[in-house]
Amino acid sequence: MQRIRLRYTKRGRLRFTSHRDFQRAFERALRRAEVPMAYSAGFTPHPKVSYANAAPTGTGSEAEYLEIALTEPRDPERLRALLDESLPTGLDIVEAVEAHTSGLADRLTASVWELRLNGVAPEDARRAVDAFNAAETVEVQRMTKNGVRTFDARSAVAGLESVDPERAPTHPTQADRPTDQPCAILRLVVRHVTPAVRPDDVLSGLRAVADLAPPVPAAVTRLAQGLFDEETGTVTDPLAPDREAAATEPHTAGATAAATAPA
């Protein structure tokens with residue numbers, strides 16, 4: 001059995017797709033691309049697909065991950081291209097590597113988020129960020145299936161800063177956002193803890209400590225997720241160990257698949 005790990009995106013209006021919507025679309029793409037999937041045992045077998053830490057509905061993402069199990073070897077890059085062609089634009093398969101290590105989900109310990117606050121002056125955002133960072137705790141509330149829950153949104157935040165809008169990189173998720181008004185951009189690094197602290201929880205915290213309330217919903221995009229490096233404060237690429245392992249193996253399943261993959 002060969003295992004392939006994929007990085008995919010949710011861009012533009014496709015950020016409003018739920019995780020269940022993506023699952024259905026991806027399983028259709030597997031059938032269209034004729035991927036030789038391994039299936040679970042039992043009365044109702046399902047393709048062996050492992051999803052890891054999906055982004056909330058309504059947020060864009062450049063760094064979603066999943067793993068699939070195949071019954072026959074395939075070249076990862078060719079497989080990526082076939083699946084990408086079978087998915088709608090906005091749900092894009094941008095990277096594929098053969099799994100040579102274990103524990104992909106264990107390497108997703110933090111995320112980097114971009115929050116674009118249309119209608120908010122950058123100086124107001126900077127003041128709110130300073131107040132949030134200076135606070136020891138920032139209690140926020142979220143409605144859950146068990147009722148309203150109060151928790152600290154500050155402890156999970158490893159970094160929060162205001163970014164100069166003119167220096168911030170552009171990416172496809174911004175295509176349908178207004179640009180003719182003031183816009184503050186925040187860069188957020190948050191650890192994956194329990195209960196999970198989401199970007200909207202941090203926005204609630206900014207409202208609590210500095211009365212920062214954007215006039216329109218924030219455009220939120222996950223830029224990266226992976227292992228959090230405490231020394232540098234950065235989030236590392238979770239697929240890097242698989243690439244490094246593949247580079248040290250002279251004969252990989254992917255090389256065999258390149259010769260046997262159907263045209």
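Predicted model: local features only at pLDDT ≥ 70, side-chain atom pairs only at ≥ 80, totals over all residues.

## Buried charged residues

Arginine 5 and glutamate 67 are both buried.

Because arginine 5 belongs to strand E1 (residues 2-10) and glutamate 67 to strand E3 (residues 60-70), the pair ties together parts that are 62 residues apart in sequence.

## Glutamate 95 and its two arginine partners

Glutamate 95 forms a salt bridge with arginine 7, at 3.1 Å from N to O. Glutamate 95 is located in strand E4 (residues 93-98) and arginine 7 in strand E1, so this contact ties together parts that are 88 residues apart in sequence. With a relative accessibility of 16%, glutamate 95 counts as buried, because the cut-off for that class is under 20%.

A salt bridge also joins glutamate 95 to arginine 243, at 2.3 Å from N to O. Here the link runs between distant parts of the chain, from glutamate 95 in strand E4 to arginine 243 in helix H5 (residues 240-247), 148 residues apart. Arginine 243 has a relative accessibility of 31% and therefore counts as partly exposed.

The structure as a whole holds 19 salt bridges. Side chains of opposite charge can pair when their charged atoms come close.

Strand E5 (residues 110-118) is mostly covered, with nine of its nine residues buried. The cover extends to both faces of the strand. On one side, Ala110, Val112, Glu114, Arg116 and Asn118 are buried; on the other, Ser111, Trp113, Leu115 and Leu117 are buried.

E5 pairs with two strands, E9 and E10. Nine bridges join E5 to strand E9 (residues 183-191), and the two run antiparallel. Within this pairing, valine 190 in E9 is the bridge partner of serine 111. Seven bridges join E5 to strand E10 (residues 219-226), again in an antiparallel arrangement. In E10, alanine 219 stands opposite arginine 116.

Technical notes. Residues numbered from 1 in each chain as written. Heavy atoms only, no water. Salt bridge = Lys/Arg side-chain N within 4 Å of Asp/Glu carboxyl O. Helix = DSSP H or I, 4+ residues; strand = E, 2+ residues; numbered from the N terminus. Buried < 20%, exposed > 50% of the residue type's maximum accessible area, 1.4 Å probe, protein only. Pairing = 2+ DSSP bridges.
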